[in-house]
Amino acid sequence: MNYKIRKISDTSKVLLLDFFKVAYPDRYKNLNDHWKWYYRLGYNSFEPIIIEVDSRIIGMAGLIPSKLKFNNKVTEAIWFTDFFVLKEYRDKGYGSILTKEWMKICPTQITFCNNESLRVFKKFAWKSNKETYRNIKPINLFGMVPFIKNLTLNLNKNKSNKTFNPKRIENSDITKLCVLENKKKLNANLFSIVHDEGWFKWRLLNCPYKSNIYLFEINEDVIIGNIFKYKNLKRLNVIYSHISDPNNREIYNLIIDWSLSNKIDFLWYINNQENIFFKEQKILSRLFEKRINFACWSNDEIIFSNLEKGLSNSHGGDSDIDSILFQDQ
């Protein structure tokens, strides 16, 4: 079996674009222009790898470098993302080769993945759980049905007398966010993602589409979302939050009211052990809720045994789980 493994930065840009077009047809323009930002190149030495056969890229294992914290100890980790092997090269062992090479990059790895990828990871002794949920909260239920989109069915009765105007993210906000993050009380029994100044600058200020990122704030409660239109639906993706009192629903209700006034069709967010966002009726919650596979591996047994419990503060913006934001760009 003749193949070559390369770092993405050592790869022909022409071959890379050809691969992106086939592997990610809805995102290839964005990836071609912004993969260095998307995979956070330059943060450290970790970067995605590709597998090449007969001068053609036939697969890629992407990554996003990150930091995890547990018991006040910080651990370097990488998110496994954009794992893809061209259809005609599947079931030939290339996926396992790519995974094995990828696992050499960093001692600790995490991912949100589909069942097909999870099947490959489990061959390499990865562990997983389904304690994380992707949720959709309809704002206008009719808005999600194309031929009756102009009608309105409001299921949210949270009207407030307060006015609420989000703002686009600015440099000055980063310092404030760092202060709030240091105040955050996290579950001591779970790993948490480190949202430090470097993370905020990368994810918010350096984002190629930061003009779509809005900061919703009331007192010390903050929710940051990316407003995005795709297939004629306008959505707000929650990519970061700091909530001082989870039982105080004021900021959530104000966001719903604002979304109604600004023709947002639905809100998209991640719920896990610590993040419980917009409460929904049980029937609707089940209808618009999806369990997500969280999988992990570490060559450190102590880290591994604790990491398999999941993450306390994951959001869509920490991994590739919100990659739909960059479709058709």
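How many helices and strands does the secondary structure of the chain come to? The count is nine helices and 13 strands, and the model they belong to is a predicted one.

**View 1. The whole chain, before zooming in on its parts.** Start with the overall numbers: the chain has 329 residues, and 53% of them count as buried. Now take the contacts in the chain with a separation of 6 or more: 72% of those come from residues 24 or more positions apart.

**View 2. Helix H1 against helix H2.** Here H1 covers residues 13–23 and H2 covers residues 28–38. Their axes come within 8 Å and cross at roughly 150°. Angles over 145 degrees count as roughly antiparallel, so that is the label for H1 and H2. As for handedness, H1 passes H2 in a right-handed crossing. On the H1 side, the residues that meet H2 are Lys13, Leu16, Leu17, Phe20 and Lys21. Facing them from H2 are Tyr28, Leu31, Asn32 and Trp35. Sort the residues of this contact by type and you get six nonpolar, one polar and two charged.

**View 3. Leu17, a residue of helix H1.** Skip the neighbours within four places in sequence, and Leu17 is in contact with Tyr28 and Asn32. Another pair to pick out is Leu17 and Ile57: they are 40 residues apart in sequence, with 9.7 Å from C-alpha to C-alpha.

View 4. Ile8 has its place in the loop between strand S1 (4–7) and H1. Is Ile8 buried or exposed? It counts as buried, because its relative accessibility is 0%. Residues up to four places away in sequence aside, Ile8 touches Leu16, Trp35, Tyr39, Leu41, Glu47, Pro48, Ile49 and Met60. One of these, Ile49, is 41 residues from Ile8 in sequence, yet the two C-alpha atoms are 5.3 Å apart in space.

View 5. The largest nonpolar core takes in 81 residues. Which of its residues have the most contacts inside it? They are Phe19, Trp102, Leu177, Leu204, Ile224, Leu307 and Leu311. Strand S3 (residues 56–70) gives this core its largest share, eight residues. Zoom in on Trp102 and, not counting residues up to four places away in sequence, you'll find it touching Ile49, Ala61, Gly62, Leu63, Ile78, Trp79, Phe80, Gln109 and Trp126. Another core, of 19 residues, lies apart from the largest one, and Phe164, Ile218, Ile227 and Tyr252 are among its members.

**View 6. Helix H5 against helix H6.** H5 (residues 171–183) and H6 (residues 197–205) pack with their axes 10 Å apart, at an angle of about 140°. These two helices are therefore oblique to each other. The crossing of H5 and H6 is right-handed. From H5, Asn171, Ile174, Leu177 and Cys178 take part in the contact, and they meet Glu197, Phe200, Lys201, Leu204 and Leu205 of H6. By type, the residues of this contact divide into six nonpolar, one polar and two charged. Two names link this view to the previous one: Leu177 and Leu204 are listed among the residues with the most contacts inside the largest nonpolar core.

Notes
Residues are numbered from 1 along each chain as its sequence is written. This is a predicted model: local features need pLDDT of at least 70, side-chain atom pairs count only at pLDDT 80 or more; totals for chains, interfaces and linings use all residues. Side-chain values use heavy atoms; hydrogens and water are left out. Axes are lines fitted to C-alpha atoms, for helices over the stretch in contact, and angles run from 0 to 180 degrees between N-to-C directions. Helices (H or I, at least four residues) and strands (E, at least two) are DSSP runs, numbered from the N terminus. Angles under 35 degrees count as roughly parallel, over 145 as roughly antiparallel, 65 to 115 as roughly perpendicular and the rest as oblique. A crossing is left-handed if the near helix is turned anticlockwise from the far one by less than a right angle, and right-handed if clockwise. Contact means heavy atoms within 4.5 Å. Ala, Val, Leu, Ile, Met, Phe, Trp, Tyr, Cys and Pro count as nonpolar, Asp, Glu, Lys and Arg as charged, and the others, Gly among them, as polar. A nonpolar core is a set of buried Ala, Val, Leu, Ile, Met, Phe, Trp, Tyr and Cys residues joined through side-chain atoms within 4.5 Å. Buried means under 20% relative accessible area, exposed over 50%, partly exposed in between (1.4 Å probe, protein chains only).
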